[in-house]
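Look at the sequence and the structure first, then read on.

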Amino acid sequence: MAVRGSVRPMNKSPMLVTGIRCLHFAPPEFLLEVRCMHETQKQLRRLVHEIGLELKTTAVCSQVRRTRDGFFTLDDALLRTHWDLYSIQDAIQAAAPRVAAELEKNLRQGLGTQHCPAWQWDSEEPSSASKGWTAGGAAGG
């Protein structure tokens, strides 16, 4: 099952960056989109700092925002004012068909192949385990 990708380790894995894209650059401000797995906000802030060091300047992360987790996007997020039992139940019921379809797809892929189908590095669409973040920052000279 582990070879097929249907089981993942429980222990803490290091952050894995699968993509970085600059969405906006108007010196000294910039906005990055980072695709990664097993990350924390602290690690993302450090990544921005290290990018600044590599560019022989400084960079400070001023904001980190999760834009996607698996196939859930910002459109699926509840506003803080909607954190009540009924809104949460409605959100779960609305997401249930998508979750079931994703689980079925992953199980079908895992049973039908001998290689690891969960990691499709060349595809534009990241695997359901990856997350999308935007990180805004400022660089100085």
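## Surface and burial

The accessible surface of the chain comes to about 10,100 Å² in this predicted model. Carbon and sulfur atoms account for 59% of that surface. Of the 141 residues in the chain, 24% are buried.

## Confidence

The mean pLDDT of the chain is 80, and 72% of the residues reach 70 or more. Among the elements, β1 has the highest mean pLDDT, at 92. The lowest mean, 68, belongs to strand β5, residues 131-140.

Over residues 113-129 the pLDDT stays under 50. For this stretch the model has 29 contacts beyond four places in sequence.

## Order of the elements

How many helices and strands does the chain have? It contains two helices and five strands. Read from the N terminus, their order is β-β-α-β-β-α-β.

Contacts can also be sorted by how far apart the two residues lie in sequence. Among contacts between residues at least 6 apart, 64% join residues that are at least 24 apart.

## The β1-β2 pair

Strands β1 and β2 run antiparallel and are joined by nine bridges. The hairpin between β1 and β2 passes through two residues. One of the pairings is that of V17, whose bridge partner in β2 is C36.

S13 lies in the segment before β1, which covers residues 16-26. Is S13 buried or exposed? Its relative accessibility is 17%, and buried means under 20%, so S13 counts as buried.

S13 and H38 are 25 residues apart along the chain, yet their C-alpha atoms are separated by 6.2 Å.

## The largest nonpolar core

Which residues form the largest nonpolar core? It has ten: F30, L32, V34, C36, L44, L47, V48, A59, C61 and V64.

Note on methods. Residues numbered from 1 in each chain as written. Predicted model: local features only at pLDDT ≥ 70, side-chain atom pairs only at ≥ 80, totals over all residues. Heavy atoms only, no water. Helix = DSSP H or I, 4+ residues; strand = E, 2+ residues; numbered from the N terminus. Buried < 20%, exposed > 50% of the residue type's maximum accessible area, 1.4 Å probe, protein only. Core = buried A, V, L, I, M, F, W, Y, C linked by side-chain atoms within 4.5 Å. Contact = heavy atoms within 4.5 Å. Areas by Shrake-Rupley, 256 points an atom, 1.4 Å probe, with all protein chains shown as cover. Pairing = 2+ DSSP bridges. pLDDT = per-residue confidence, 0-100.
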